[in-house]
Structures are given as structure tokens and as C-alpha cells.
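Here is a short report on one protein and its ligand. Look over the sequence and the structure, then read on.

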Amino acid sequence: MAAIAIYSVKGGVGKTTFAVNLAWCAATISRRKTLLWDLDATNGAGFLLGVDPKKKRQALSVFSGDRSVSKLVQATDYDNLSLLPADESIRALDRQLDRLGKKKRLAKLTASLSKDYDRIIFDCPPVLNEISTQVMRAADLVIVPLPPSPLSTRVFDTVVAEVRGSGKKHPPILPVLSMIDMRRSLHREAREANPTWPVIPAASAIERCAVERKPVGAFDPGSVAARGFAQLWTAIERKLANG
Ligand SMILES: Nc1ncnc2c1ncn2[C@@H]1O[C@H](COP(=O)(O)OP(=O)(O)OP(=O)(O)O)[C@@H](O)[C@H]1O
Ligand SMILES: [Mg+2]
């Protein structure tokens, strides 16, 4: 089993979009048993997958040990893809983890799922707190979506510092240029400055995910966007295999 975090300190950079589309690639293209674990109270991952939330707000209870992960996991429309949804209760997660004083709570919960899943993908909130610290301890790889802006370099430096600070053995980081539009000179410059980073294009097909409530590969498989996520997924599998 490998756990992959989609993380940035910055909001609105494409984390949830990446998490949902990459989880779909893992389940559908690689046929891996995949769990998409939403750690953001807004439950964007469930929305994009077309999974309607349950009435009871219990996401936090997994961390206190009151409920097992398997009790809260929901099926999706896709073979091999399950969702551990978030809800409002997750807003208290940072305080809960602090209070529990268990630095590896998320890492241990994740490890306990290795019998059931081949890939676990975390959709992270844009925070720098105990949640992000625990995510770094639980993850085997951290994907950082970076829109092409000079600010992104600073954001990336902050993420690298957070990952390194999480412990002696920190997970590798894969930066990905997100929302790239090669017609724009600033975007071309960002691409030229980082020629080895994978790229996800700015695409209306990706925006449409929120209307269709499906991953782009499920409704427009031939699109540049769907191919972009498939290529990114291949790069991730390669990185996991090579360390
Ligand atoms: N490659 C893309 N092309 C076009 N639109 C995109 C792309 N990636 C993301 N978006 C749009 O940008 C917005 C923010 O994306 P998303 O919700 O995935 O970001 P986020 O990092 O998860 O945000 P938050 O920090 O609020 O959780 C959404 O409206 C999404 O549709
Ligand atoms: Mg999000």
C-alpha cells in the first residue's frame, strides 16, 4: 500500500481536483484498490465524485477511535474506488489531534488499512498545523499543485520546510504545475524554469468536473485534461516504484 497526499499551504490551487482525478486514475487505469480520504471539512472530494453526504456528521470519530474507518467508507460509482468523506466535524480535527497527543494517529490509521487498499490518497485542507504534520508522517509521497505564479515558489518552499520538519525520514515531494495555459507568457516562463515538473493544463473540461460531478476521465476521456491526469498518475506510480 502507498499513501499519497495532495497538499499545499495555499487554497484554491487544485488539490481536490487532483485528488479526485488521480484517485480515479489509480482505480480505473491501474486497477488499484483505492481509498480517497477527504480531510477537508468542505467535503469537496465527495461532491466531485457525485457521492452524497450522510446526515450524521461522524468523520472526526475515526480519529478518536470511536468508529472504524470501514464503518464510514462509502462506495462510489467506480469499481475499486472508495471514499472516506469529510464533514463539518472535521473542523475540530486539528484541536482533537493536539489534545490526543498521538503524533502518529493518522499514520497508524493509514497503516491499518494496508490490507484493504493498494493506494490511499489524501485530499488535504490548505493548512499548516497538526493535520499537515500528521499527513506528512502518513504519506509515502506528497504531490504539490503549483499554479504558475511567482508566489508559488514561496509556497513550495514552505511546503518543503513542512515536509522536512515532519521527521527524519520525510516523504519525497513531487511538484506539479497546475492550471497551465501555454498561451500566457508567465505560464510559459514557469514551464521553462521547471522543465522536469509534470503539468496539468488549465482546461474547461476540468472546471466541468464540478458540473458533471465526475472525474474528467469518466466523461471526457479523450481530452487533454484526462490525458494530463493519466500521465501524472503514471509519473506517480513510477516515483513510488523508484523511491
Ligand atoms: N487545471 C484546471 N483547469 C481549470 N480549472 C481548474 C483546474 N484545476 C482546478 N480548477 C478549478 O479551480 C478551482 C479550485 O480547485 P480545487 O477546489 O481543486 O482547489 P483546492 O486547492 O482543493 O482548493 P481548497 O484549498 O479550497 O480546498 C475549482 O473551481 C476548480 O474547478
Ligand atoms: Mg480542496
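## Helix α12

In this predicted model, helix α12 has a buried set of residues: Ala225, Ala226, Gly228, Phe229, Ala230, Leu232, Trp233 and Ile236. An α-helix has 3.6 residues a turn, so residues three or four places apart point the same way.

The helix covers residues 224–242. Just after α12 comes Gly243, with a positive phi of about 75 degrees.

## The nonpolar core

In soluble globular proteins, nonpolar side chains tend to be buried together. Here the largest nonpolar core holds 68 residues. Leu22, Ile121 and Phe122 have the most contacts inside it. Helix α1 gives the most to this core, with 9 residues.

What does Ile121 touch, leaving out residues up to four places away in sequence? Its partners are Ile4, Ile6, Ala19, Leu22, Ala23, Ala26, Thr34, Leu36 and Trp37.

## Around ligand 1

The shell around ligand 1 has 18 residues, and Gly11, Gly14, Lys15, Thr16 and Thr17 come nearest. Elements giving two or more residues to this shell are α1 (15–29), β7 (173–180) and α10 (204–212). By type, the shell divides into 8 nonpolar, 7 polar and 3 charged residues.

## The whole protein

The protein has 12 helices and 8 strands. Its radius of gyration is 17 Å, close to the 18 Å from the globule rule for 243 residues, so the protein is as compact as a globular protein of that length. Its C-alpha trace spans about 50 × 40 × 30 Å along the principal axes.

Buried residues make up 44% of the 243. Among contacts between residues at least 6 apart in sequence, 74% join residues at least 24 apart.

Technical notes
Residues numbered from 1 in each chain as written. Chains lettered and ligands numbered in written order. Predicted model: local features only at pLDDT ≥ 70, side-chain atom pairs only at ≥ 80, totals over all residues. Helix = DSSP H or I, 4+ residues; strand = E, 2+ residues; numbered from the N terminus. Expected span 1.5 Å × (residues − 1). Buried ≥ 20, exposed ≤ 12 C-beta atoms within 10 Å, placed from the backbone. Near = placed C-beta within 6 Å. Nonpolar A, V, L, I, M, F, W, Y, C, P; charged D, E, K, R; others polar. Core = buried A, V, L, I, M, F, W, Y, C linked by C-beta atoms within 7 Å. Contact = placed C-beta atoms within 7 Å. Rg over C-alpha atoms; globule rule 2.2 N^0.38 Å.
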